[in-house]
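Reader: I would like a close look at one part of this chain, followed by an account of how the rest is put together around it. Please keep it plain and define terms as they come up.

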Amino acid sequence: MNATTLNEAMKKDASVVKRPATERGTTELGWLHSRHTFSFGNYFDADHMGFRALRVINDDVVEPGRGFGEHPHRDAEIFSYVLEGELEHKDSLGNGRVIKTGDLQYISAGRGVLHSEFNPSPKKRVHFLQIWLNPRKGGGEPRYAERALGKDAKVNALTLLFAGEPRDGAMAIRANADIYFGKLDAGKRLVHRPPPGYGQWVHVIAGDVLVLGERLNPGDGLAIENAAALHFESQEGAQFLLFDLN
């Protein structure tokens, strides 16, 4: 599924559509506090169904000792990035892990997988991003991997985390997408030159980012089409995700 508003502008010049954090959908269940960049669960907005292969960005906070019971997925590339606290994962592939702050988890659901996610702490919340991409084709064996980001993230540069075709130490995924982690010190800049024909999505995790004339703050997103180069800068320092999407 594609977004209507976010995908309708296909001009020769670079075009951007901002998705402010304050306009995201919400889920409040007492133990779960979620913000949805795109339609998800009981939150539906026909203008925000995804962007190219990017289908879900959920910003989740789970209270101590609570979580998501075992549930199925198929034909989805699923990423969890723990921002604060710990996230315990179990799945039908036999994996059982506790994902620490700053680490990423990847599941390619393929033809089908069951998994659960819990906050194992009795006292502290866990805050994490969960991201889904549509695979380039359905089916295939499910697979699982983890990546420790903290020690690998480059400063004032983009770190390639996952890629449609493996390169530069990135993990291969089953989607036509490359996913970068951006880290900027205060007053610094970096440039990204995307492949021809790709669109971009920027999601700010912390700090502030200025790109293509748009100032972004935590939780803000930006859809970009037809940009030959993206110049990122930050006044106070920033962390963000950049998706190159075919």
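Which strand does Phe68 lie in?

Author: Phe68 lies in strand E5, which covers residues 67-73. Strands (E, at least two residues) and helices (H or I, at least four) are DSSP runs, numbered from the N terminus. The model is predicted, so local features need pLDDT of at least 70 and side-chain atom pairs count only at pLDDT 80 or more, while totals for chains, interfaces and linings use all residues. Residues are numbered from 1 along each chain as its sequence is written, and side-chain values use heavy atoms, with hydrogens and water left out.

Phe68 has a relative accessibility of 21%, so it counts as partly exposed (buried is under 20% relative accessible area, exposed over 50%, partly exposed in between, with a 1.4 Å probe and protein chains only). Beyond its neighbours within four places in sequence, Phe68 is in contact (heavy atoms within 4.5 Å) with Trp31, Leu32, Asp60, Val62, Ser116, Glu117, Phe118 and Phe128. Val56 is 12 residues from Phe68 along the chain, and their C-alpha atoms are 17 Å apart.

Two of those contacts, Leu32 and Val62, are also bridge partners of each other, Val62 being in E4. Strands E3 and E4 run antiparallel and are joined by 5 bridges; two strands pair if DSSP finds at least two bridges between them.

His33 also sits in E3, which spans residues 32-36. His33 has a relative accessible area of 17% and is therefore buried. Its side chain makes two polar contacts with side chains, one to Glu28 at 2.6 Å and one to Glu63 at 2.8 Å. A polar contact is a pair of N or O atoms within 3.5 Å; within protein, one must be able to donate a hydrogen and the other to accept it, and residues adjacent in sequence count only if both atoms are side-chain atoms. Apart from residues up to four places away in sequence, His33 touches Thr27, Glu28, Asp59, Asp60, Val61, Glu63 and Arg125.

E3 and E4 belong to an open, antiparallel sheet of 7 strands, ordered E2-E3-E4-E11-E6-E9-E12. E2 (25-28) and E12 (143-148) are the edge strands; each has a single partner, so one side of each has no neighbour in the sheet. From one strand to the next the twist averages 15° (the axes are lines fitted to C-alpha atoms, for helices over the stretch in contact, with angles running from 0 to 180 degrees between N-to-C directions).

Another open sheet of 7 strands has the order E1-E20-E17-E22-E15-E13-E14, with mixed pairing.

E15 pairs with E22 in the antiparallel sense over 8 bridges. Within that pairing, Phe181 stands opposite Leu241 and Ala177 opposite Leu245. E17 and E22 also run antiparallel, joined by 8 bridges, and Gly207 has Ala238 of E22 as its bridge partner.

His203 lies in E17, and at 1% relative accessibility His203 counts as buried. Setting aside residues up to four places away in sequence, His203 touches Arg24, Thr37, Ile57, Leu129, Gly219, Asp220, Phe240 and Leu241.

The largest nonpolar core has 28 residues, and those with the most contacts inside it are Leu54, Leu133, Trp201, Phe243 and Leu245. Such a core is a set of buried Ala, Val, Leu, Ile, Met, Phe, Trp, Tyr and Cys residues joined through side-chain atoms within 4.5 Å. Among the strands that each supply at least two residues of this core are E4 (54-62), E11 (126-133), E17 (199-207) and E22 (238-245). A second, separate core has 20 residues, including Ala170, Tyr180, Val202 and Ile224.

Over the whole chain there are 1 helix and 22 strands. The C-alpha trace spans about 45 × 40 × 35 Å along its principal axes. Of the 246 residues, 53% count as buried. Among contacts between residues at least 6 apart in sequence, 72% join residues at least 24 apart.
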